[in-house]
Amino acid sequence: MTIADQCEKEAVVRRVRPGAAASRGGAASRAGGPASRAAGEERALTSVAAGDTYQRGKPADQPRLWHVTLSVSGGEAPLKEVRRALEQLAHDHPFLLTSRYANDHAEIRYWEEARDLHDAAAVALRLWGEHRQTAKLPPWEIVGLEVIDRETYHQRIAEGYGPLPATPVGVHPF
């Protein structure tokens, strides 16, 4: 598959999630308070600045494509149930490109459209937990997350390292 073919496939999976245009400030950016806390007191979350207002001549708040690899693992589950759950997740969320699985771990790869890495990572970290019941996913935990921009992804491919393009698309055993 050529890079041009991959770019064409990326264009197909580009979409904006409901509410994506709205502010994503959330609790993390609203939280504040003293740096120290008493025993048992909730820790305030703080936001990390995403960087300069403009990158490469484009406003930073414009959505960009991010390649996400989410790794999960946990106790063993029947392969048939793991496959069915990942297929259901892919059906519910057609932006998923590929999933690989075994009876105790899985890897999900897809393209996410988000304003910055922070937003793409936040969505990825919620994916498994938010869909655990609806897709009947195994009760595994997230053990790895990689989020890279489109340019970095294509640079890795061109240099012969990094994750290969997600082909064939779908749910497959390791």
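## Strand pairing around β4

In which sense do β4 and β5 pair, and over how many bridges? In this predicted model, the two strands pair in the antiparallel sense, with five bridges between β4 and β5, and three residues separate them in the hairpin that they form. On another pairing, β4 runs parallel to strand β7 (residues 170-173), to which four bridges join it.

## The largest nonpolar core

The largest nonpolar core holds 26 residues, and the members that touch the most others are Leu86, Ile108, Tyr110 and Trp128. At least two residues of this core are supplied by each of β3 (64-73), α3 (79-92), β4 (96-101), β5 (105-114) and α4 (117-130), and the largest share, five residues, comes from α4. In soluble globular proteins, nonpolar side chains tend to be buried together.

Once neighbours within four places in sequence are left aside, Tyr110 is in contact with Trp66, His67 and Val68, with Phe95, Leu96 and Leu97, and with Ala124 and Leu127.

## Helix α4

Helix α4 has 14 residues, and the distance from its first C-alpha to its last is 20 Å, close to the 20 Å expected at 1.5 Å a residue. At the start of α4, the backbone nitrogen of His118 has a side-chain oxygen of Asp116 within 3.2 Å.

The buried residues of α4 are Asp119, Ala120, Ala121, Val123, Ala124, Leu127 and Trp128. The elements against which the buried residues of α4 pack are β3, α3, β4, β5 and β6 (141-149); among the residues named here, Trp128 is one of those that touch the most other members of the largest core, and both Ala124 and Leu127 are in contact with Tyr110.

## Helix α5

In helix α5 (residues 150-158), the buried residues are Tyr153, His154 and Arg156. These three lie on the same side of α5, because the arc that they cover around the axis is only 155 degrees. After α5 comes Gly160, which has a positive phi, near 85 degrees.

Note on methods: Residues numbered from 1 in each chain as written. Predicted model: local features only at pLDDT ≥ 70, side-chain atom pairs only at ≥ 80, totals over all residues. Heavy atoms only, no water. Core = buried A, V, L, I, M, F, W, Y, C linked by side-chain atoms within 4.5 Å. Buried < 20%, exposed > 50% of the residue type's maximum accessible area, 1.4 Å probe, protein only. Contact = heavy atoms within 4.5 Å. Arc of directions from axis to C-beta. Expected span 1.5 Å × (residues − 1). Polar contact = N/O pair within 3.5 Å; in protein donor to acceptor, adjacent residues only side chain to side chain. Pairing = 2+ DSSP bridges.
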